[in-house]
Amino acid sequence: MTEIVDDQRTMIRAALTAGMVAGRNPRDVALDLVGRINPATGRREGGTIGLTAHQEEWARRYADQLARLDPAALTRTPPPSTGCRSTAIGPTPACSCSPWSGRSTIRTVNLDFSVDKNTRVLSWTAGYVLWIDDAGNIVSSLVPAGSFGGGGAYVYVWWDKTTPSVLYAAANNWPDIFANTNTVLMCSYDGYAGLNPVYGGTIIDGTRINTGTITANQIAANAIQASHIAAGQIQASHIGAAQVTADKIGAGMLSSADIRVGSDYFVLQARPEAGWGRMFSRDSNGVLRVAVGYIEDLSGGGWGLAMWDAAGNLIINGTGLNGGGIWARSISADKLVANSITASELSTGQLISYSAQIGNLVVDNLQVNNNAISQTVWGQTGTGDDIYCWINIRQPNTRVEIGMYFSGTGGNGYSLGTAIGALDVYRSDGPHILAGNCAYHINSTNNLVYMGPTCYVTVDTVANPGVYWYRLVNSNAARASGTTFLKVTELSR
């Protein structure tokens, strides 16, 4: 016992060397030496400090054989006991502990724990428990696989040296395990996702990986591939802001023909075999609104920019603007360069202006809507003379509206037998356009004739362009006592 210090140095040196040769993580090697913290008790348990160098080497080689499933591990003979084991480094006082040092002697091989979060069942694989019996012999006990469902309660798995080939599990019984010096807590589970193996390994399910604990230099190249990741498992909420940058994406790594950013609302599309690519966006109703790149199959126009309104009407494509898609008053005068629109560049089937101010307009051929007014001439007389109105007809088959009016004689009455007369309209090239009688009435009290207001409107069609006059003749005998009016208006074709 007095030579334990030198022997411990030899044992620790051998364990560290073996760990480095095997390429193990230095932290794991150190925990194998000093043991691990039991979260239930807050005490450090296990570890090889306290074993002699010979015992540590034997246990390490034995664990390696078990890990390799070497049949020889089942027939190996343990080294002779050296009596009581002390975990102290330095001169050791007289031993007063029991022959079996309990929880500090346990090691496991191929024993792993896992949890099904859907059923909340804790499971473990078959494996070996390596321990030192009361006589100081190293024993290998094979425990079978098993499982336990705690229904959401805290579950504990323990091993008992009196029945070394069995693992036990129960809910909410930690005090019983702690009170029994023959038992060792192997694993605990909080009923949801908190799996905490004290001995053995953990089958990683993703819930026990703390943020930042796995870095890129701990993952072998090509170790994680697309076939290892279930569909829909990595979403935007799982990726921190600015975590994926350009330097982390290798050339050619994004090779999908269609890449949807979050949803179908924004899509990048490529067809290398056809030699084209594009991106497009839809609105919340699924209506395609914008496309950039190859747009021939979407809107025509080959390559360029295409835009649609909310109703799906095309506004612009590779060939230019669609006139039906320009909103009213969306192009104001300050957006047009002076002299940028010329007659040769303006082609429209219908040009409508509710109000226009034109300083100097030269038109070779003007077409206006049916019945629109293009020019009006008029004349009147109070002396009974004939009225002439001259008008320039500019288009073939032009329609001309003619209106005439005679105010009547007012309060002046005429004797019975006075000529009532008529309103006659003639055109300069001969036609008699209208003949209409003047209105009158006879006063039965004084037997006088009174001429009332008379109005006529008619439409004439002029076959050939040219300058024409229209003449109004009032043949009423009392015309000198009233006002006669003539209006001639050129209408569109």
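1. Start with Phe-113: its bridge partner in β5 is Trp-124. Strand β4 (residues 112-116) runs antiparallel to β5 and is joined to it by four bridges; two strands pair if DSSP finds at least two bridges between them. Helices (H or I, at least four residues) and strands (E, at least two) are DSSP runs, numbered from the N terminus.

2. A word on the model: it is predicted, so local features need pLDDT of at least 70 and side-chain atom pairs count only at pLDDT 80 or more, while totals for chains, interfaces and linings use all residues. Residues are numbered from 1 along each chain as its sequence is written, and side-chain values use heavy atoms, with hydrogens and water left out.

3. Next, look at the turn. The hairpin of β4 and β5 has four residues between the strands, and Arg-120 takes a positive phi near 60° there.

4. Buried means under 20% relative accessible area, exposed over 50%, and partly exposed in between (1.4 Å probe, protein chains only). In a regular strand the side chains alternate between the two faces of the sheet.

5. Strand β5 has another antiparallel neighbour, β8 (residues 146-149), with four bridges joining them. Here Leu-122 has Phe-148 as its bridge partner in β8.

6. Finally, visit Tyr-265, which sits in the loop between β14 (258-260) and β15. Tyr-265 counts as partly exposed because its relative accessibility is 42%.
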